[in-house]
Amino acid sequence: MKKVTQGPQTSFYPLPTLLIGAMVDGKPNFMTAVYGGLANGKPPMLSVGIVRSRYTWGAIKVGATFSVNIPSAAQAREVDFCGLESGSRVDKIGRCGFKVFYGDLKTAPLIEQCPVNLECVAAHIIDLEMHSLVVADIKQTHVSEDCLTDGALDPMKVDPLVFLTAPARKYVRIGEVVGDAFKMGLDLK
Ligand SMILES: Cc1cc2nc3c(=O)[nH]c(=O)nc-3n(C[C@H](O)[C@H](O)[C@H](O)COP(=O)(O)O)c2cc1C
C-alpha cells in the first residue's frame, strides 16, 4: 500500500468525549474535553489535557478535586455546547438542565444525567505547549443503575459519545463488537 505523509498530526481515533467538572470561583462548572485517556491501571489514574486559558483551568492544581463525566450519545448537544461556551460568561448547568450532585470528595461536581461519573484528584501536571496534561487519581466511580449488567458497568448500555478528531470533527457512537480481547490473538501465539 502506498503511503502519503501528512506531517505531525493528532490522528488518534477515536477519542472519548468527556465533561470535566470543577468548582470554579465557588460554583460548579463543566467543560468538554476530548484530550483524555487512561494513565495507570492500579491505582486507577487518568489524564486530561486542558488549555490554560479555559475558565475551568483556574480550579486545577496538584491536589485539586475535579470530575470526569462520561456522557452518552444522547447528550451530544449539551456536550457540544459545553465546549462552545465558557462558564465565565454563561451558566452552562442551567442552560443544559444538568442535575449536579457530589460524592465522596464533596467538592467534585458530578452530572446526574451522565451514565458514568469519576471523582478525581490531580496528582501531576505537565505543562505542554498548548495543553497542560493533568494526571489524576480516580477516587470513586458512579454508574447509573440502568448501565449495569449483573452488577458490572456495561459500556454498551452507557452508549458513550465518541469524537473523531480533525479533519472529521464528528461525534459518533461506538460500533459493533469485533471479538473477545485477550482471546482473539491466542491462535497466532
Ligand atoms: C468537541 C470538543 C472538544 C474539546 N476538547 C477540549 C480539550 O480536550 N481540552 C480543552 O482544553 N478544551 C477543549 N475544548 C474546548 C473547551 O471545552 C471550551 O473552550 C470551553 O468553552 C471551556 O469551558 P470553560 O471556559 O467553562 O472552562 C473542546 C471543545 C469541543 C467542542
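**Figure 1. Lys106 in the loop between strands S7 and S8.** In this predicted model, Lys106 is placed in the loop that runs between strand S7 (100–102) and strand S8 (109–111). The backbone angle phi of Lys106 is near 70°. This is a positive value, and it occurs here in a residue other than glycine.

**Figure 2. The cis peptide bond between Tyr13 and Pro14.** Tyr13 and Pro14 are joined by a cis peptide bond. The omega angle of this bond is about -15°. Pro14 belongs to the segment before strand S1, which covers residues 15–16.

**Figure 3. The cis peptide bond between Lys42 and Pro43.** A cis peptide bond also links Lys42 to Pro43, with omega at about -5°. Pro43 is located in the loop between strand S4 (36–40) and strand S5.

Figure 4. The view shows atoms of Ser86, Gly49 and Val34 together with the ligand. A polar side-chain atom of Ser86 is 2.6 Å from an oxygen atom of the ligand. At Gly49, a backbone N or O atom lies 2.9 Å from a nitrogen atom of the ligand. At Val34, a polar backbone atom is 3.1 Å from an oxygen atom of the ligand. Taken alone, the ligand exposes 650 Å², of which the protein buries 88%.

**Figure 5. The pocket and the shell of residues around the ligand.** The ligand takes up the space of the largest pocket. Strand S3 (27–33), strand S5 (45–51) and helix H1 (76–84) are the elements that each give two or more residues to the shell around the ligand. Strand S3 provides the largest share of this shell, with 4 residues. In total, 22 residues surround the ligand, and the closest are Thr32, Thr56, Glu85, Ser86 and Gly87. Sorted by class, the shell consists of 10 nonpolar, 8 polar and 4 charged residues.

**Figure 6. The protein chain as the setting of the close-up views.** The protein chain contains 3 helices and 14 strands. Its radius of gyration is 17 Å, close to the 16 Å that the globule rule gives for 189 residues, so the chain is as compact as a globular protein of that length. The C-alpha trace of the protein chain spans about 55 × 45 × 30 Å along its principal axes.

Key:
Residues are numbered from 1 along each chain as its sequence is written. This is a predicted model: local features need pLDDT of at least 70, side-chain atom pairs count only at pLDDT 80 or more; totals for chains, interfaces and linings use all residues. Side-chain values use heavy atoms; hydrogens and water are left out. A residue is near a molecule or strand if one of its heavy atoms lies within 4 Å of it. A polar contact is a pair of N or O atoms within 3.5 Å; within protein, one must be able to donate a hydrogen and the other to accept it, and residues adjacent in sequence count only if both atoms are side-chain atoms. Accessible areas come from the Shrake-Rupley method with a 1.4 Å probe; for residues, only the protein chains shown count as cover. On a 1 Å grid over the protein atoms alone, a cavity is a set of points where a 1.4 Å probe fits but cannot get out, and a pocket is an open set with protein on both sides within 12 Å along at least five of seven lines; lining residues have an atom within 4 Å of a point. A molecule sits in a cavity or pocket if more than half of its atoms lie within 2 Å of its grid points. Ala, Val, Leu, Ile, Met, Phe, Trp, Tyr, Cys and Pro count as nonpolar, Asp, Glu, Lys and Arg as charged, and the others, Gly among them, as polar. The radius of gyration is taken over C-alpha atoms; the globule rule is 2.2 Å times the number of residues to the power 0.38.
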